[in-house]
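Student: I have a model open on my screen and would like to learn how to read it. Could you walk me through a few features?

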Amino acid sequence: MQLTLWTYEGPPHVGAMRIATAMKNVHYVLHAPQGDTYADLMFTMIERRDRRPPVTYTTFQARDLGSDTAELFKRSVVEAHDRHRPDLMIVGASCTAELIQDDPGGLAAGLDLPIPVVPLELPAYQKKENWGAAETFYQIVRALTKRPHQVAASDERRQDRRPRCNLLGPTALGFRHRDDVVEITRLVATLGIDINVIAPLDASPADIARLCDADFNIVLYPEIAMNAATYLKRTFGQPMTKTVPIGVGATMDFIDELGALAGIDTTEARATLGSRLPWYSRSVDSTYLTGKRVFIFGDASHVVAAARVAAKELGFTVAGLGTYSREFAREVRAAAESYGVEALITDDYLAVEERVQELQPELVLGTQMERHIAKRLGIPCAVISAPVHVQDFPARYSPQMGFEGANVLFDTWVHPLMMGLEEHLLAMFRTDFEFQDGAAPSHLGPGRVDATSAAVAAEPPLPAAANSTAETLEGPVAPKWADDAETELRKIPFFVRGKARRNTERFATDRGVTTISIETLYDAKAHYSR
């Protein structure tokens with residue numbers, strides 16, 4: 001166990017909450033002490049849902065441990081059923097309540113409720129949130145789907161109707177899941193394929209029972225849906241997709257995969273559908289993006305997809321990638337090997353920060369934590385994966401998947417670099433007469449300046465990780481910067497300034513230079529440009 005200030009995933013019961021909250025007519029009774037009710041805020045404050053999660057907590061206190069906590073749990077289950085009247089109930093224990101071993105599943109089964117009750121065994125000290133969500137969804141699917149002998153043969157189901165599929169994986173608190181579902185639903189309908197069930201998002205227990213009526217399954221988020229899809233394939237013979245449609249290339253492959261599974265011709269769809277990303281990435285004002293070094297970190301599916309888009313569709317160089325999804329470490333390691341880098345498999349944000357400092361990429365694609373890391377280091381960043389904060393649940397339509405998702409990716413990833421170039425130009429020309437006070441009225445009114453102009457004028461010091469010689473070079477003696485060299489260094493764009501500083505200091509140290517002058521700066525530039 002490790003004490004930390006940040007975690008990429010919560011305990012597995014939070015994953016179970018994501019499934020229960022996503023579905024309709026489902027209630028979750030969680031055996032938990034006071035203090036374990038914090039997860040409600042993630043749905044109401046971060047995701048901005050208009051109602052609380054459908055969760056009842058037993059909220060036992062320290063004094064209850066000396067009495068019968070099992071009776072408290074049973075009473076909570078009965079009261080939750082009588083009050084909420086769900087069609088399905090799931091029961092389990094939080095990480096703390098797991099220690100008292102009250103067996104919520106066995107206790108609930110003994111109550112003989114008139115609805116299905118799915119017990120959850122979620123090992124809180126070995127597994128985490130995404131695993132808990134996947135296990136919960138799998139257990140619900142397994143409990144509610146019909147047995148194979150009750151399902152008509154595949155050929156009979158396909159007769160006289162269009163192909164039919166399920167969309168599996170979207171949950172509450174999922175990164176852009178709401179908009180991804182809309183985008184992929186439109187794409188699938190364009191191909192002439194009907195949607196049977198979308199689950200778990202907005203699915204009822206009755207919908208789950210109809211999953212076996214589909215011809216195949218689309219696995220949008222393998223971290224959540226792979227276990228359930230594998231069960232449906234094994235039990236009902238339903239094949240599943242393996243391509244996550246993030247980026248233009250992956251979406252085209254996804255269309256081909258759907259065509260093969262549904263037995264339809266997708267030639268016309270491939271010719272007529274598309275994204276603006278390919279042309280935008282080849283256009284004149286985007287050519288400076290070629291070769292930009294990018295570091296990618298997040299859940300496995302988004303990381304692997306983002307690396308493909310970055311390298312093959314935007315012309316970036318993948319400097320490093322990694323994931324906190326240990327269950328999918330093999331896939332991420334294989335992707336990293338294809339780009340000639342070593343995968344970082346960790347859930348320690350300090351290890352991620354150390355890798356970013358070491359690589360000094362020009363763009364970071366990651367989670368909310370990588371946003372903070374990149375901000376401290378003065379590196380542009382875009383969020384591509386959960387965990388995220390409230391700003392990544394936008395009111396606007398903003399998918400990550402499909403062709404419109406590719407457009408969103410271009411805007412989201414490229415604009416931080418463009419804004420960095422604009423900020424650099426402002427800094428370069430801040431002494432130009434046209435930028436002086438009185439040259440032209442501010443669009444904000446007389447005597448006012450915007451935040452960017454104020455920040456440029458203030459010229460704050462470089463971030464500690466990029467400005468501190470003591471942190472970038474080991475040893476008791478480190479070169480000092482002459483004032484004119486420091487001034488010249490500030491003309492370098494801020495998003496590569498840290499790398500230029502370190503290279504120059506290393507160059508000076510290797511040659512025994514104690515004071516870095518302008519000549520040393522340009523000699524170092526020439527040396528590392530060879």
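**Reading rings and strands**

Tutor: Happy to! Let's start with one side chain: Y231 has a relative accessible area of 6%, so Y231 is buried. Keep in mind that this is a predicted model.

Student: What else of helix 9 is buried?

Tutor: Helix 9 covers residues 222-236, and its buried residues include P222, I224, A228 and L232. Just after helix 9 comes G237, with a positive phi of about 70°.

Student: How many aromatic pairs are there?

Tutor: The count comes to six. In one of them, Y138 and Y231 have ring centres 5.8 Å apart and planes at 80°; planes over 60° apart count as edge-to-face, so this pair does as well. The pair links distant parts of the chain, with Y138 in helix 5 (residues 129-144) and Y231 in helix 9, 93 residues apart. Y138 counts as buried, at 13% relative accessibility. Elsewhere, Y8, F297 and Y324 form one aromatic cluster.

Student: Where do charged groups sit over rings?

Tutor: The charged end of R186 sits over the ring of Y397, 5.2 Å from the ring centre.

Student: Now the strands. In what order do the four strands of the open sheet lie?

Tutor: As a general idea, strands of a sheet pair through backbone hydrogen bonds, either parallel or antiparallel. In this open sheet the order is 2-1-3-4, and the pairing is parallel. Strand 2 (55-57) and strand 4 (117-119) are at the edges with a single partner strand each, so one side of each has no neighbour in the sheet. On average, neighbouring strands are turned by 20° against each other, direction ignored.

Student: How many bridges join strand 1 to strand 3?

Tutor: Six bridges join strand 1 (residues 26-31) to strand 3 (residues 88-93), and Y28 stands opposite I90 in strand 3.

Student: Which helices lie against these strands?

Tutor: Helix 1 (residues 12-22) lies across strand 1, strand 2 and strand 3, at about 160° to strand 1. Helix 3 (residues 69-84) packs on the sheet, touching strand 1, strand 2 and strand 3, and its direction makes about 165° with that of strand 1.

Methods. Residues are numbered from 1 along each chain as its sequence is written. Side-chain values use heavy atoms; hydrogens and water are left out. Two strands pair if DSSP finds at least two bridges between them. Helices (H or I, at least four residues) and strands (E, at least two) are DSSP runs, numbered from the N terminus. Axes are lines fitted to C-alpha atoms, for helices over the stretch in contact, and angles run from 0 to 180 degrees between N-to-C directions. Contact means heavy atoms within 4.5 Å. Buried means under 20% relative accessible area, exposed over 50%, partly exposed in between (1.4 Å probe, protein chains only). Rings of Phe, Tyr and Trp (its six-membered ring) pair if their centres lie within 6.5 Å; planes under 30 degrees apart count as stacked, over 60 as edge-to-face and the rest as tilted. A charge sits over a ring if NZ of Lys or CZ of Arg is within 6 Å of the ring centre and within 35 degrees of the ring normal.
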